[in-house]
Amino acid sequence: MVYCSSQLLSTSFPLLNPKTLKFDAKYSKNWLPLQSTEGLVKGLYQTRVLNLRAMQEDKASAVTSDGSELRVPHVLTVAGSDSGAGAGIQADLKTCAARGGVEVVPEDFVAEQLKSVLSDMRADVVKTGMLPSTGIVKILLHSLKEFPVRALVVDPVMVSTSGDVLAGPSILATFREELLPMADIVTPNLREASVLLGGVQLETVANMRSAAKSIHDMGPRNVLVKGGDLPASSDAVDIFFDGQDFYELRSSRVKTRNTHGTGCTLASCIAAELAKGHPMLSAVKVAKRYIETALDYSKDIVIGSGLQGPFDHLSKLKRNVHNAYVQRAFDSGDLFLYAVTDSGMNKKWGRSITDAVKAALEGGATIVQLREKDAETRDFLEAAKACLEICRSKGVPLLINDRVDVALACDADGVHVGQSDMPTNVVRSLLGPEKIIGVSCKTPQQAQQAWIDGADYIGSGGVYPTNTKANNRTIGIDGLKTVSLASKLPVVAIGGIGLSNAQSVMETGVPNLKGVAVVSALFDQECVLTETKKLHAVLMEAASRVK
Ligand SMILES: Cc1ncc(COP(=O)(O)OP(=O)(O)O)c(N)n1
Ligand SMILES: Cc1ncsc1CCOP(=O)(O)O
């Protein structure tokens, strides 16, 4: 069995002497030159190899009874880290272990590691996974007495997915008698709960409740019996018992083979929430929701061909995991012919938003904004999703007017906001660095602020009077020039612009004025396609003159 000490050391102590746990050049001397000359990646694998190598080095100097040197074979693996553990350094380690190349780390070594980490980093919460020997459990308990933590989360890993019991009778007794009484929460699945209780059958939610109670009697402050393996259950039901009340925590069962590591993940998430200071029940609820979401995001991922596959822990950080679309970077040229929709106008002419957007794209629109002032949220979202598909097929960005929530929900390319909408810096923090943000500006100060707050472009106007937006102050061509000259961001002109005046707007000659944004000139017209084509031609003509 490989009990990899580098799990404990990997992130914090890359070049440690395993005996003293101090930095020791001895453990780097053979390694660093190789690393620097070969340009190898530093990181997890380096640590693991070093630890193995370090341990082996000490052994290599041992002498056998007949006086000859006991030479332990060394394998140096130079590879990447595969978090799925099927390839890379993890596969190398497992293979070496299988072939007799790695040994279980000595208990005093684990004790030293725990001491080093707990005394130095003052952990808030400790979470345990598979503990391979009674000695190591005892060392852990001893360390926790010496360096108390706020909470101990015990994931009693005792039965493998294939059903093998990983913990022998003596370790089981230590779990029951010593580890569980110190735990703030223990999180057995059905098989582990059954093993802890001496082999009782657990087949119903009622069984799970009595198991939670019996395990609680062993001493942990809280028990979570996980019912993922409960037969004939459409929900994933877990029973949480805090010694007083039972809570039946249900989530929908995600149909996927990618469930490898859910137990470790759930317990780690509970630990993370506790470390942040959250109460136990809410930590458990968050963890359960996190698992459900991550499983759902990863349900169709295909990695490996075994019975179980890994899921994507970082799905929350990646919007729309299923969507292979990679948004291209914003280009100020996108502002050339900016089509801004208006549901009232399209309704008046008897067409859907999607038909209107299709026609505008066909006519040459280079960016689209959905400005659906009267739409119900759900209809707006549906329209946005449909238009997004159309725009993406043409490689044209689609922005949402005002509604950051709608943009996030459909993963639109960005948002346009006005001076009384959500502040631009808040929009940026919600949307992240890649999305496009436009801001309406009528003054140089607003333009300066938009730049500071992280906008990508500004919309400036109304250049001319308009019937589309009520009570909108007109700034004229001069106002547009003043704002554009002051702006560090590209500018699109808006307000009352159409075939008759687009050329005058573009001929202002301010270099960062990149195009015109229009509503009625395209959408309050019988044929969107024709009008867009005509406006595109006018803009092209103007652009050729300016050059
Ligand atoms: C490109 C572009 N420029 C300006 C506006 C106006 O936005 P805002 O000031 O938020 O007013 P409403 O559009 O919300 O009425 C715009 N939408 N697009
Ligand atoms: C939304 C907006 N913001 C400033 S003017 C305006 C309306 C533009 O519409 P139109 O192009 O029909 O004048």
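Which strands each supply at least two residues of the shell around ligand 1? Hello everyone, let's start there. The answer is β7 (337–340), β10 (414–417), β11 (436–440) and β13 (491–494). Before we go on, please keep in mind that this is a predicted model.

Staying with the ligand for a moment, there are 17 residues around ligand 1. Those that come nearest are Gly 418, Ser 440, Gly 459, Ile 494 and Ala 517.

Now let me step back to the whole protein. You are looking at 547 residues, of which 39% are buried. The protein has 22 helices and 14 strands. What about its contacts? Taking those with a separation of 6 or more, 63% are between residues 24 or more positions apart.

Next, let's follow β14, which covers residues 513–518. Is this strand largely enclosed or open? Strand β14 is largely enclosed by the rest of the structure, because 6 of its 6 residues are buried.

Ala 267 sits in helix α11, residues 262–275. Why do we call Ala 267 buried? Because 24 other C-beta atoms lie within 10 Å, and 20 or more is enough for that label. Leaving aside residues up to four places away in sequence, Ala 267 touches Lys 127, Val 153, Asp 155 and Thr 187. Take Lys 127 as an example: it is 140 residues from Ala 267 in sequence, yet their C-alpha atoms are 7.1 Å apart in space.

The other residue is Asp 355, in helix α14, residues 353–363. Asp 355 counts as partly exposed, because it has 15 C-beta neighbours inside 10 Å. Along the chain, Asp 355 and Ile 390 are 35 residues apart, and their C-alpha atoms are separated by 9.7 Å.

Conventions. Residues numbered from 1 in each chain as written. Chains lettered and ligands numbered in written order. Predicted model: local features only at pLDDT ≥ 70, side-chain atom pairs only at ≥ 80, totals over all residues. Helix = DSSP H or I, 4+ residues; strand = E, 2+ residues; numbered from the N terminus. Buried ≥ 20, exposed ≤ 12 C-beta atoms within 10 Å, placed from the backbone. Contact = placed C-beta atoms within 7 Å. Near = placed C-beta within 6 Å.
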